[in-house]
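Work through the exercises below with the model open. Try each task before reading its solution.

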Amino acid sequence: MADASAAPSLPPHAALRDQLVRAGAQGGQGVPVLPALRTLLPGGLRAGSVVGLDGSGAASLGVALVAGASADAGPQAESAPANGWSAVVGVPEFGVLAACGMGADPRRLLLVDDPAERWPDVVAALVEAVSLVLVRPPERPAPAVVRRLTALARKHGSVLTLTGPAVQTWPGIRLKLAVTESEWEGLGDGHGVLGGRRAHVVAQGHDAPGAGRREWLWLPNAEGKVEPAEAPRARTSGRPVLEVVPGVRSMPDARSGPDVRSGPDVRSGPDARSTAS
Amino acid sequence: MSRVLVVWCPDWPATAVGIEASVPGAVVDGGRIAACTSAARAEGVKRGQRVRDAQRRCPDLLVRPRDFDAEGRMFLAVAAAVSELTPRVEVVRPGLCAVPARGPATFYGGEEAARVLLQDAVVEAGFDCGVGVADGLFAAELAARVQGGVVVPPGGAAAFLAPYSMSVLDRPELADLLGRLGIRTLGDFAALPAGHVAGRFGADGALAHRLARGEPPRPVAPTAASADLTVRADFDPPAQSEEVTFAAKRLAAELHETLAEQGRECVRLSVEIGLADGHVLQRLWRHDGSLSTLAVAERVRWQLSAWRTDAPGHDEDAVWGGVVWLELTPDQLVPAVGSQDALWGQSGVDERVSRATDRIQALLGHGGVARPLLVDGRGPGEQVIKVPVGDLPPREIPDGPWPGRVPAPAPAVVPAEPLPAAVTGPDGAEVRVSARCAVSAPPAWVAVGEARSEAVTGWTGPWPVAERWWEPERARRRARFQVTTAAGAAYLLAVEGGRWHVEAAYE
């Protein structure tokens, strides 16, 4: 998915303009990211750039970037563009709770669930005001819209983060983030609780030169945070593949459903019985 | 005491319907004479007479029905003639207008000169009139009614008024009672002690007493009443709904500020919208002090759109033609008990962000942009409330313990509506969960929506949740599962009433 086409060619003046913008941005005070992502994205996200999120882990990556941008922005919080606000446009299923679990401040988050065809205007209004806009554009945005929004983001120093199918066609994406491999931990066969996920995150594009940077991360870990993870020792044989064993009923395991433990035994509880009869 | 100049046009209702002063004519309202010309008066026609009686006294009396619109319309010509010479014309009623006398008196070289000049101007415009100057409107009106009009010198109002009969106060009951007490002129009435008049005749009697003494009951120049909290916007040319909504927001901010200054809260808000075709849309909105400026604007928008959809034919412009004015009136006021909204209200939003949200709300409507509020709950979707920017959070936030809460980590994808799913066992039959939470077969395949089935690599559950079992209408019984699939996805599934849903995905 993340191949050579991840860095599409730009007209030469765009590159020059980028350099000027870079030079003018006081050494590139970027939009902050979560500490665990700093090895992947040193210096944070470049202010005014366009970031694409790709693949199956795009939702979690989007949540993590929003969390990083709207986490406590520190003393420079008042200075544009890093005012610590972020906005989510056209992603009604955005996991606010997950973002807060990763450290986002819900008081500095704006949600525009259903902008419909007005999404370019909404994004244009937001890039002037917030550090990071996460947006899912329709599949083929009009070239004029793409140019306008890219220019506005560059002008105001806001990071435009794209998700959804438009990532493949949007020109001028400076950075693509994708989860190439991932595995969840904690679930057994009828027991356990979903814990963390070990994810191999790849950053590619102008802002991650060369072959890109790769990192294993807990995205998220069992507490919902993002943390660096060590690579699985031998991924092919490291973890036995779970197989469905026929005939096994759900086992009353102490680990199954931690909050069920605290209550009375629900399986023979009063309301269960009444419904059965 | 302000000097007032009054322009009075005699028998205005008759003039307005086009009856010449030299012709005996009368204007009738409700079967009685409302006004008549001087020629008719000479024949014995009087105001308040029945038409029959008037016609008996004056057989060739020209009778016309009263036309209030024409009175108002035509008097604007008089007011225009007056305002050619001096600004700040206040139309007291059709037939009578007043201006503060000081300015024109200084400019035109004395009150008498100004009086004559104004009289000539109005007569030139084609209307008979009298112009008087005195202290206060009441005395000035009587001065204008004196043949041709006079100037009552400053401080001379009481002396000027003294010989007039009590009937000029236009309070028949008071005049009748005082007449029986032997008080027949304003001078006699003015000589009574003010306190006793107020004690015996109340506020209205005290007002009449002040008039009789030549004191002002009210200032001539229009000033806003301080107790009136109504805010109003006028639109010229008529505005469309978007513009009206913005004006409403501004008005609401104004209103909230005034109310806050007075330490009061508005419980009910009356919104009146005047349309170009003369319709007035009036509606009361419950306010409870929790409506933000944007929420007020939204209600105005609702009111407008309700009118449009009600209108026959849905032909917007033809029917409603735009809004010409908008008025917000706090309907019921209560002392503010101090709800603290600075922690969450607009003050927490920085300037640029609030500008951006304003623009989005203009594009998408008030609910278009929201801020999340974390609350307690069991499922990941229940723990987030989306509050439109500008609104205060709901007051009744559920409080737990929450047995059966889904543990961390929280899912990254929480659809607003759970997606239907199909969960099948190794034998291909749908997995069922009994009332005792026994699972018919371990889940082996999960298909979300229309997508292809994914093999289950790990699962846990069921975690039963019985919510609001004490309230049969709102009770819900669910069992939740977490599954991971071979494709690397993890889902939070719920089965309710035999149907499987994806509540969230840990994508």
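**Exercise 1: Backbone features**

Pro409(B) sits in the loop between β13 and β14 (419-424) of chain B; helices (H or I, at least four residues) and strands (E, at least two) are DSSP runs, numbered from the N terminus. This is a predicted model, in which local features need pLDDT of at least 70, side-chain atom pairs count only at pLDDT 80 or more, and totals for chains, interfaces and linings use all residues. Residues are numbered from 1 along each chain as its sequence is written, chains are lettered from A and ligands numbered from 1 in the order in which they are written, and side-chain values use heavy atoms, with hydrogens and water left out.

Task: Classify the peptide bond from Ala408(B) to Pro409(B) as cis or trans. Then do likewise for the bond from Asp236(B) to Pro237(B).

Solution. 
- Step 1. The bond from Ala408(B) to Pro409(B) has omega near 0 degrees, and is cis.
- Step 2. From Asp236(B) to Pro237(B), omega is near 5 degrees, and the bond is cis.
- Step 3. Pro237(B) belongs to strand β8 (residues 231-239) of chain B.

Solution. 
- Step 1. Locate Ala116(A) in the loop between β3 (109-112) and α4 (119-127) of chain A.

**Exercise 2: Two helix pairs**

Two packed helices are described by the angle between their axes and the distance between the axes.

Task: Describe how α4(A) packs on helix α5 (residues 143-156) of chain A.

Solution. 
- Step 1. Axes are lines fitted to C-alpha atoms, for helices over the stretch in contact, and angles run from 0 to 180 degrees between N-to-C directions.
- Step 2. The axes of α4(A) and α5(A) are 9 Å apart, at an angle of about 10 degrees.
- Step 3. α4(A) is therefore roughly parallel to α5(A) (angles under 35 degrees count as roughly parallel, over 145 as roughly antiparallel, 65 to 115 as roughly perpendicular and the rest as oblique).
- Step 4. List contacts (heavy atoms within 4.5 Å). α4(A) residues including Trp119(A) and Val123(A) meet α5(A) residues, among them Leu149(A) and Leu152(A).
- Step 5. Sort the contact residues of α4(A) and α5(A): 9 nonpolar, 1 polar and 2 charged. Ala, Val, Leu, Ile, Met, Phe, Trp, Tyr, Cys and Pro count as nonpolar, Asp, Glu, Lys and Arg as charged, and the others, Gly among them, as polar.

Task: Describe α9 (residues 172-180) against α11 (residues 194-212), both of chain B.

Solution. 
- Step 1. The two axes come within 11 Å and cross at roughly 105 degrees.
- Step 2. So α9(B) is roughly perpendicular to α11(B).
- Step 3. Leu174(B), Leu177(B) and Leu178(B) of α9(B) touch Arg200(B), Phe201(B) and Ala208(B) of α11(B).
- Step 4. By class, the contact of α9(B) with α11(B) has 5 nonpolar, no polar and 1 charged.

**Exercise 3: The interface**

Task: How much area is buried between chain B and chain A?

Solution. 
- Step 1. Buried area is the accessible area (1.4 Å probe) that two parts lose on being put together, summed over both.
- Step 2. Here the value is about 5,400 Å², with 63% from carbon and sulfur atoms.
- Step 3. In chain B, Arg352(B), Arg436(B) and Glu507(B) lose the most area to chain A, together 11% of what that side buries.

Task: How many salt bridges link chain B and chain A?

Solution. 
- Step 1. A salt bridge is a side-chain nitrogen of Lys or Arg within 4 Å of a carboxyl oxygen of Asp or Glu.
- Step 2. The count between the chains is 2.
- Step 3. Glu128(A) and Arg359(B) form a salt bridge (3.6 Å, N to O).
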